[in-house]
Amino acid sequence: DFLNSKFIVVHAALGDSQEIFKKNIKKFNDSRILIENMPKIGLENEVCFAHSYLQLKLIKDSGFNLCLDFSHAIKSAIAQNLDYKELIEKLISELGPVYFHICNGKINSVKDEHRDLFDGDFDIKWIKNILLKLEEKKDVYLAFETPKGERGLENDIKNINYFRLL
């Protein structure tokens, strides 16, 4: 409230239980809350809720808007043996996320990585084109979740310029 935030992005829960999610959402009463999709396998090898289309549909049907994290969707698709581009297109067209996160990673791993846009093998240009098409219809809110490390703001600018030049 102090920052007058338009969105509040949260993770759904750990585990595969719809009951835990349903219990947790009763605690929220703020239209700014967006539930972020997750990779199937978390950083500590735990299963994350909000990784599958059906779980995300349950979230949407519960009255929450979605934050689509492209990297999480890709990692989830890999873990489920799905084509990540088909999954992302389905999530966008059927569930209408209103906010997006982007970073890069490796296709041969199911774990979340948050790499620089220029350091991985996701098709970042394809993602940019998806966002540009979407932008023709509505406002697109995008957050880069790329590493800062010791490079700080300089690395953010490098990622922004990379994305811009695609």
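This note goes through the structure point by point, from the whole chain down to single residues.

1. Basis of the note. The model is predicted, and local features are taken at pLDDT of at least 70, side-chain atom pairs only at pLDDT 80 or more, while totals for chains, interfaces and linings use all residues. Residues are numbered from 1 along each chain as its sequence is written, and side-chain values use heavy atoms, with hydrogens and water left out.

2. Overall arrangement. The protein has six helices and five strands, where helices (H or I, at least four residues) and strands (E, at least two) are DSSP runs numbered from the N terminus. Read from the N terminus on, the order of these elements is β-α-β-α-β-α-α-β-α-β-α. The radius of gyration is 16 Å, close to the 15 Å that the globule rule gives for 166 residues, so the protein is as compact as a globular protein of that length; the radius is taken over C-alpha atoms, and the rule is 2.2 Å times the number of residues to the power 0.38. Along the principal axes, the C-alpha atoms fill a box of roughly 45 × 40 × 35 Å.

3. Among contacts (heavy atoms within 4.5 Å) between residues at least 6 apart in sequence, 69% join residues at least 24 apart. The protein exposes about 9,300 Å², of which carbon and sulfur atoms supply 51%; accessible areas come from the Shrake-Rupley method with a 1.4 Å probe, and for residues only the protein chains shown count as cover.

4. Charges. There are 24 positive and 26 negative charges, and their mean positions are 2 Å apart. In this count Lys and Arg are positive and Asp and Glu negative, whereas His and the chain ends are not counted; each charge is placed at NZ of Lys, CZ of Arg, CG of Asp or CD of Glu.

5. Helix α5. This helix covers residues 124-135, and its 12 residues reach 16 Å from the first C-alpha to the last, close to the 16 Å expected at 1.5 Å a residue, the expected span being 1.5 Å times one less than the number of residues. Its buried residues are Ile-124, Trp-126, Ile-127, Lys-128, Ile-130, Leu-131 and Leu-134, and they pack against α3 (70-79), α4 (84-95), β4 (99-102), β5 (141-144) and α6 (152-165).

6. A buried lysine. Lys-128 is found in helix α5 and, at 12% relative accessibility, counts as buried. Not counting residues up to four places away in sequence, Lys-128 touches Phe-163, Arg-164 and Leu-166. Lys-128 and Ile-102 are 26 residues apart in sequence, and their C-alpha atoms are 9.6 Å apart in space.

7. Helix α2. In this helix, residues 53-61, the buried positions are Tyr-53, Gln-55, Leu-56, Leu-58 and Ile-59, and what covers them includes α1 (18-25), β2 (33-36), β3 (65-69) and α4. After α2 comes Gly-63, whose phi is positive, near 100 degrees.

8. Glu-94 lies in α4 and is partly exposed at 47% relative accessibility; from Tyr-53 it is 41 residues apart in sequence and 9.7 Å apart in space, C-alpha to C-alpha. Lys-85, also found in helix α4, is partly exposed with a relative accessible area of 27%. Leaving aside neighbours within four places in sequence, Lys-85 is in contact with Asp-123 and Trp-126, while the C-alpha atoms of Lys-85 and Ile-160, 75 residues apart along the chain, are separated by 22 Å.

9. Positive phi outside glycine. Asn-4, in the segment before β1 (8-11), has a phi near 55 degrees, a positive value in a residue other than glycine, and Asn-4 is exposed, with a relative accessible area of 66%. Asn-81, found in the loop between α3 and α4, has a positive phi of about 60 degrees although it is not a glycine, and Asn-81 is exposed, with a relative accessible area of 72%.

Terms used. Buried means under 20% relative accessible area, exposed over 50%, partly exposed in between (1.4 Å probe, protein chains only).
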